[in-house]
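Subject: Structure handover

Hello,

Here is the structure I promised to pass on. Please open it beside this note. My findings follow below.

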Amino acid sequence: MKYIRKNWFAILSFCVLFIFIYLSFQSVQKSTENNRQDSLDKTLKRGILECYALEGHYPKSLDYLVENYHIIYNKDEFDIQYEIFASNIMPNVTIIKKN
């Protein structure tokens with residue numbers, strides 16, 4: 001008990017520092033997750049446009065795009081909704097982060 005009274009400022013400073021470091025790591029983790037999702041979105045759009053430029057039509061499905069244009073993503077982390085209306089209209093791609 002005497003030790004705590006004597007060094008209360010050091011203990012409090014350590015706790016504040018620990019909380020600050022923890023919150024910083026949380027912020028970096030969230031930023032990294034957002035960057036991965038943005039990167040996947042750009043990669044998918046680039047693949048869709050590349051398919052249209054080379055083949056004259058948009059990819060028929062997400063599987064076709066992944067197989068033929070070498071798109072790799074973590075299926076456990078993201079769910080991708082790929083909606084195509086016609087071969088000459090750009091598909092609607094929605095990326096959903098899984099929990």
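Leaving aside its neighbours within four places in sequence, which residues is Glu77 in contact with? They are Arg36, Ile96, Lys97 and Lys98. Contact here means heavy atoms within 4.5 Å.

Some ground rules. This is a predicted model, numbered from 1 along each chain as its sequence is written. Local features need pLDDT of at least 70, side-chain atom pairs count only at pLDDT 80 or more, totals for chains, interfaces and linings use all residues, and side-chain values use heavy atoms, with hydrogens and water left out.

Confidence

pLDDT is the predictor's confidence in each residue, from 0 to 100. The chain has a mean of 88, and 97% of its residues reach 70 or more. Among the elements, helix 1 (residues 2-6) has the lowest mean, 70, and strand 1 the highest, 94. Helices (H or I, at least four residues) and strands (E, at least two) are DSSP runs, numbered from the N terminus.

Salt bridges

The structure holds 3 salt bridges. Each is a side-chain nitrogen of Lys or Arg within 4 Å of a carboxyl oxygen of Asp or Glu. Glu77 sits in the loop between helix 3 (62-68) and strand 1 (78-83). Its side chain meets that of Arg36 in a salt bridge (2.6 Å, N to O). Lys97 lies in strand 2 (residues 92-97), 20 residues from Glu77.

Is Glu77 buried or exposed? Glu77 counts as buried, because its relative accessibility is 11%. The cut-offs are under 20% relative accessible area for buried, over 50% for exposed, and partly exposed in between (1.4 Å probe, protein chains only). Arg36, at 37%, is partly exposed. So is Lys97, at 31%.

The remaining pair is Asp41 and Lys45 (3.5 Å, N to O). They are 4 residues apart in helix 2, so about one helical turn separates them. Asp41 is partly exposed at 23%, and Lys45 is partly exposed at 38%.

Most residues other than glycine have a negative phi. His70 has a positive phi of about 55 degrees, although it is not a glycine. His70 is found in the loop between helix 3 and strand 1. His70 is exposed, with a relative accessible area of 67%.

Best wishes
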